[in-house]
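Hi,

Here is the structure I said I'd pass on.

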Amino acid sequence: MALNGMQIYKLLPKKNCKECGFPTCLAFAMKLAQGNVEAEKCPYMSDEAKAQLAEATAPPMRTVKFGAKDFEYALGGETVLFRHEKTFVNRPRFAVMFSDTMSPEEVDKKINNINAVDYNRINEEMYVEIAAFRCESQDKDAFIGLIKKVMENCPKVVPMIITENAEIAAAAVNECADRGPILYGANGENYEAMVNLAKDKKLLLGVTASGKESLYELVEKIQNTGYRELLLDAGSRNLKNAFDDMVNIRRTALLSGDRTFGYPTVAFVCDMAEDKMMQLACATLFVQKYASIIVLSDIDYSMALPLFAHRQNIFTDPQRPMRIEQGIYKIGDANEESPLLVTVDFALTYFIVSGEVERSKVPSWVLIPDAGGYSVLTAWAAGKFNGKSIANAVKEFEVENKLKTRELIIPGKVAVLKADIEDELPGWKVVVGTEEAATLPNFLKNYRQAVS
Ligand code: SF4
């Protein structure tokens, strides 16, 4: 449990020496309790008190990791129940479920589907991060064979080993140890063996029980062994109860500060619905509340596009605009004679504009200056999108070396910038473009005739 200000105060040296930057030890204790300052600021605290405080002031929900090298992921570490309160920090990861009782054709189909879903949206790579393997046959060789096959054919996925048999779990983990697998299946009977295995290999351990109360007791027992790299599952396999569990577990951790439930959770959407669109609906719900791993039966673009976009929207910081990197972007086979457009670095604006330029099939360049990550009119009103910032971008990205023409198309909504830019860029002609991106294709198709 987190300590309050008075409890922290009792651990302090009570010198009131002000060296921490606060007028009294009590003032320092209050700030520590709010998490606004670090205990290290007090040079007189004992090691024992520091250790107690580190535990007490740690976030109520633990951040855990799985995977390896380029495919390592963090889960949990959330501090708020609602995105608008601050931000969510570690996005959920998607898994596709395999079973050792599936036919080879079914396995091949899922492998192909996993590999097919791989694209970039607003600077984020979108793909399935996890392959979950459920051992149903209790045939160790068949299970290992399945894991091996999928690992060989899906280079990006991290395996999630699902079995309550510690012996099979050990063999499976050994097979894919270099990929940083998740081990799922610690229960009331096997938890000691599973914890030892997870500890030995430093794995994220999935803990399962039938109901929140049993899960709570089991997590307490596991915490007593000293292992805290946990992923929780209260066992519900219908939407209503699973949703109820997710919300209760998260509220217990964040509102009551009870760290027994301060771990990320997993939702087996694949067991909640057979229909693909129903699974999509369930998964969408759990992106918001509050699963950290969401296991689907399968994936294709009709599921991935809405689901991954939803996750990206929920797990971006609402206080920071989504920005595209500043620079000059080539669209199509643009050359030194191609039109040059300028727009802002707000990601949504860039992707709308570049999409319409692509639709026009007129090879073009798009210049992105530093516009504060705002939309066109907001950036202009804030003084971030003006003659100076655009001229700076022209110079910084050496546009004059890339293009022979000295023409720049600006958004129609900021036609007022024309004279300002021409003052900053002597020898350049500024052309006022369209007010709406949707009319850019027509504009670009007729551009050369219009300016000649
Ligand atoms: S430095 Fe430590 S002892 Fe001094 S006022 Fe701050 S908390 Fe108290």
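Let's start with a helix pair: α10 (residues 276-288) packs against α11 (residues 301-314) at an angle of about 10°, and their axes are 10 Å apart. Angles under 35 degrees count as roughly parallel, so α10 is roughly parallel to α11. On the α10 side the contact is made by Lys276, Leu280, Ala283, Thr284, Val287 and Gln288, which meet Met303, Pro306, Leu307, His310, Arg311 and Ile314 in α11. By type, the residues of that contact split into seven nonpolar, three polar and two charged. Keep in mind that this is a predicted model.

Next, the sheet. Eight strands make up an open sheet with parallel pairing, and the order runs β10-β9-β8-β7-β6-β3-β12-β11. The edges are β10 (230-233) and β11 (266-267); each has a single partner strand, so one side of each is left without a neighbour in the sheet. At the β10 end, strand β9 (residues 204-208) pairs with β10 in the parallel sense over four bridges.

On to the ligand. There are 13 residues around it, and Lys15, Cys17, Cys20, Cys25 and Cys42 come nearest. The shell as a whole divides into nine nonpolar residues, one polar and three charged.

Last, the overall layout: the chain is divided into domain 1 (5-57), domain 2 (63-314) and domain 3 (327-451). Between the C-alpha centres of domain 1 and domain 3 there are 54 Å.

Cheers

Terms used. Residues numbered from 1 in each chain as written. Predicted model: local features only at pLDDT ≥ 70, side-chain atom pairs only at ≥ 80, totals over all residues. Axes fitted to C-alpha atoms, helices over the stretch in contact; angles between N-to-C directions. Helix = DSSP H or I, 4+ residues; strand = E, 2+ residues; numbered from the N terminus. Parallel < 35°, antiparallel > 145°, perpendicular 65-115°, else oblique. Contact = placed C-beta atoms within 7 Å. Nonpolar A, V, L, I, M, F, W, Y, C, P; charged D, E, K, R; others polar. Near = placed C-beta within 6 Å. Domains from an automatic or database assignment. Pairing = 2+ DSSP bridges.
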